[in-house]
Amino acid sequence: MFHVTIDGIEGKFGEQETVLEAARHLGIEIPTLCHDNRLEEYGGCRLCIVRINGRSRPETSCTARIQDGMTVETSPDDIEGERKTLLRLMTRNGEMDIRGLDRRKEFYHHLEHYGLLPAELPDAGSNSVKRWEDHPFIRVDMDKCIDCYRCVRICEEVQGQFVWQRWNRGDGVVLLADSMESLKESSCVSCGACADTCPTGAIDDLAIEEEGYPDRYTRSVCPYCGTGCEISIGTRNGKIVEILPVQDSPVSKGHLCVKGRYSFGFANSPDRITDPMIRVNGKWKKTSWEEAIRVVGDNFRNILSKYGPDSIGVLGSSRATNEENYLAQKFARIVIGTNNVDGCARVCHAPTAAGMGYTLGTGAATNSFNDIEKTNTMMLIGANPTENHPIVGARIKERTLKGSNLIVIDPRKTELASLARIHLQIRPGTNIPLLNALANVIMAEDLVDHRFLDERINNFESIRESLSEWTPERAAGICGVDASMIREAARLYASSGPAMLFHGLGVTEHSQGTDGVMAVVNLALLTGNIGKEGAGVNPLRGQNNVQGSAHMGCEPSKLTGYVPIETGRQKFEEVWKRKIPTTKGLDEMQMIDSAASGGLKALWIQGWDVYLTNPDMKNTEKAFNSLEFIVIQDFFLNETAKKFGSVFLPAVTSYEKDGTFMNSERRVQRVRKAMNSLGNSKPDWKIIDLVAEYMGFGKDFAFSTPEDIWNEIRELWEGGHGITYRRLENGGIQWPCPSEDHPGTRILHTDKFTLGKKTSLVVTKYLPTTEITTADYPILLSTGRSLFQFNAATMTNRSGNRAFHDTDYVYISRADAEKMNLRTGEKVKLVSRYGEAVTKFSVNYDLKDGTAFATFNDPEVGLNQITGPQRDAKQNTPEYKVVAIRISKA
């Protein structure tokens, strides 16, 4: 225990923290400029100097550590005088043009406090000779720089990007981005961390300069990937002008990516649809909510009467809240009377839920993102988090830079692969042979955790025999990876624990996606890397609430809590006081098949551009043309709505409503309304309520607030019963959380699996994809996202991101490009067995010859015209990651 007296106030501290931290705990503020809680102690600006008893000179409180019995004075006259002198020097003795200072930040407030501001402060000017204005989101004016180096340090220590650098020597030192001329053309990933930490406004958000300072901030959750970063939404006159990271967020830890921080412009985009519309004689016509609801309800009734309940399907949305997805599946099951309900987890991580559910009992992450800082080894399989889950990616990168082992399995040499100790650059579609070979080495070299196997595994000996044929040499011939590297990766993962597994769509979006997930789980079970810190199997979920949408029951065979229908039937029927249908429901891909063959007649699609994002667009088009009635519920007239919609119901964005999201680590967090609904748009939950009421089920959907809906969810979902809105005001909670005094569960399977004390390893037989290369289709293509765009670009294309990624690109190796005489930037035609698409081309020096990668974000390209009908055999998830193509000049 440390007893310390600061400015006459006594304090007791259990840890040897800095004097600055101790003072703040006692409610004493010491001025700082180079300090940021996210960064290591620096002591460069010296503004935080204090006088410590027994020491001859003042010391910087941000670096000095408390000692037992220490006495500190923070603001004696001589220290205050020195601070004023330091501040005057920082303004270059008053020569700094302070008109562009951010008036919310520390430097401005310190100048004001010490009387160093002029009597009149004119409006900000724009005559700086060190001003960069080419970036769409960030304005740089180095005339306001005070050399605190916070931008340099946060870029290095938090983002791991090393963009801001010191150039020249002595008095000639300047801070510039690594391009030296332009922030936009530098290696900057536009996370905005430098703007967030800058204490002067030398680096600041452009929107603030254009729109003015926010007058209100609202804490909420990012609407993009499944990381679940918390955001502080700044609004002015009811419009979003700024989004900042939340400093105490356990997920994002005061950091955001370009999408979370800057890609909010879609909320006020001029092409937002804010009135209901009905298609009349092939053209969209605005109408009232009453008329739109009547048309939807009457058409559903007519189709029910003519064809029966299983002729209608409902698709929930991974962009919508838990509460809204709960209502979507409840509507399908009790209003329509069908289990034909699904969500877009079907086309991404349904194999994860199935594979992990089968082996472990719970189809969700076993650990938390905070385990990244506690692990010794990370294995990343089929995932590119620095682009697709950037905050998780930054944390993995920082952990790697600090010495942790990183193994990457990916057909591309991604950013993290370039930092990895081992990169297994496999041929697309060969996950199973590689994962089986890794397991083979672990068992053959006796790298297993014998105690864990004895206590928790049923069938180790039989698995060892079954996988004995999968030697690294056999796998190497299939995967295109050296056998010695397979052995090295297996040894490193098994012997340098705790070891943490991450996997993404490069595992699940294959014809053996579910088998691939189970093969991943095998590695963790063999080595005992389950149920402890710094370990586990951790899927990186794609969209903000894809974990929650399926968990709420937007899944044809599961109810809320991911309970099988027959297991939960009695309880749900008692609470709902309605019967749950007994017929087997169709998943989304089966609904498309059924529509194409004339079975399914109507579809209600909420927040999902199915036509653009489904594979094999020709078959999807045939299906939609066969439907009699299609309801689209979204912010914008998406591609599905443009071509096929019958009724359009305008929904609000997550910035305009309350509710909850569930992130990849099972954390439920509050979504809070930051702006009023645009025009006549409504929250998804309210729209569902209105349709249900019109169809005679008003009492079943008599909810006044999202909290009312959540409380019904808690009544049905045992693992979420203890998660209340009241508790969520203090931060997110990870399920299972069965009671209100339960803290939530950070790590699953510590003593037993959800399905019992023991589980079984799974033999995954390799069944090669039918999608193979030939002389006509010599290139093997994988598709995926990019950093600056998100999925169908519904939101990012309307938020300034096209300045970085203007359209889709296909990337191939340098050798292949030379063979085809292609030059970066020119348009090329991609032809598969299923169709063709035209996009731009670029060389990727790190791709293997004969392989390619393409983004799928641009509706004008329609890349899914070339993806095929192959699906995961167990969950029907499309095989987006393997398609044979040929490339030619467009």
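Trainee: In which sense do β18 and strand β21 (residues 499–503) pair, and over how many bridges?
Mentor: Strands are DSSP runs of E with at least two residues, helices are runs of H or I with at least four, and numbering starts from the N terminus. Two strands pair if DSSP finds at least two bridges between them. Within this pair, Met379 stands opposite Leu501 in β21. The sense is parallel, and the bridges number five.

Trainee: Before we go on, what kind of model is this, and from which number are residues counted along each chain?
Mentor: This is a predicted model: local features need pLDDT of at least 70, side-chain atom pairs count only at pLDDT 80 or more, and totals for chains, interfaces and linings use all residues. Side-chain values use heavy atoms, with hydrogens and water left out, and each chain is numbered as its sequence is written, from 1.

Trainee: Which residue of β19 is the bridge partner of Met379?
Mentor: Strand β19 covers residues 405–409 and is joined to β18 by five bridges. The two strands run parallel. Here the partner of Met379 is Ile407.

Trainee: How many of the five residues of strand β18 (residues 377–381) are buried?
Mentor: Buried means under 20% relative accessible area, exposed means over 50%, and partly exposed is in between, for a 1.4 Å probe with protein chains only. One side of β18 has Thr377, Met379 and Ile381, the other has Met378 and Leu380, and both faces are covered. The count of buried residues is five.

Trainee: Which strand of the barrel is joined to strand β32 (residues 809–812) by four bridges?
Mentor: Six strands close into the barrel, in the order β31-β35-β32-β34-β33-β36, with mixed pairing. Its twist averages 45 degrees from one strand to the next. Tyr811 has Ser842 as its bridge partner. Running parallel to β32, the strand asked for spans residues 836–843: β34.

Trainee: Turning to helices, which residues of α27 (residues 684–694) are buried?
Mentor: The elements covering them include α8 (289–307), α9 (322–336), β25 (602–606), β26 (629–634), β27 (647–650) and α28 (706–716). After α27 comes Gly696, with a positive phi near 95 degrees. The buried residues are Asp684, Trp685, Ile687, Ile688, Asp689, Val691 and Ala692.

Trainee: How many salt bridges does the structure hold?
Mentor: A salt bridge is a side-chain nitrogen of Lys or Arg within 4 Å of a carboxyl oxygen of Asp or Glu. One of them joins Glu59 and Arg55, with the closest N and O atoms 3.0 Å apart. Glu59 is partly exposed at 27% relative accessible area, and Arg55 is partly exposed at 31%. The total is 60.

Trainee: How many residues apart in sequence are the parts that Glu621 and Lys643 tie together?
Mentor: Their side chains meet in a salt bridge of 3.7 Å, N to O. Glu621 lies in helix α25 (residues 617–626) and Lys643 in helix α26 (residues 639–644), so the parts tied together are apart in sequence by 22 residues.

Trainee: Is Arg672, the partner of Glu729, buried or exposed?
Mentor: In this salt bridge, the closest N and O atoms are 3.4 Å apart. Glu729 lies in the loop between α29 (725–728) and β30 (733–734) and Arg672 in the loop between β29 (667–671) and α27, so the pair ties together parts 57 residues apart in sequence. Glu729 is partly exposed, at 45% relative accessible area. Because its relative accessible area is 14%, Arg672 counts as buried.

Technical notes:
Contact = heavy atoms within 4.5 Å. Axes fitted to C-alpha atoms, helices over the stretch in contact; angles between N-to-C directions.
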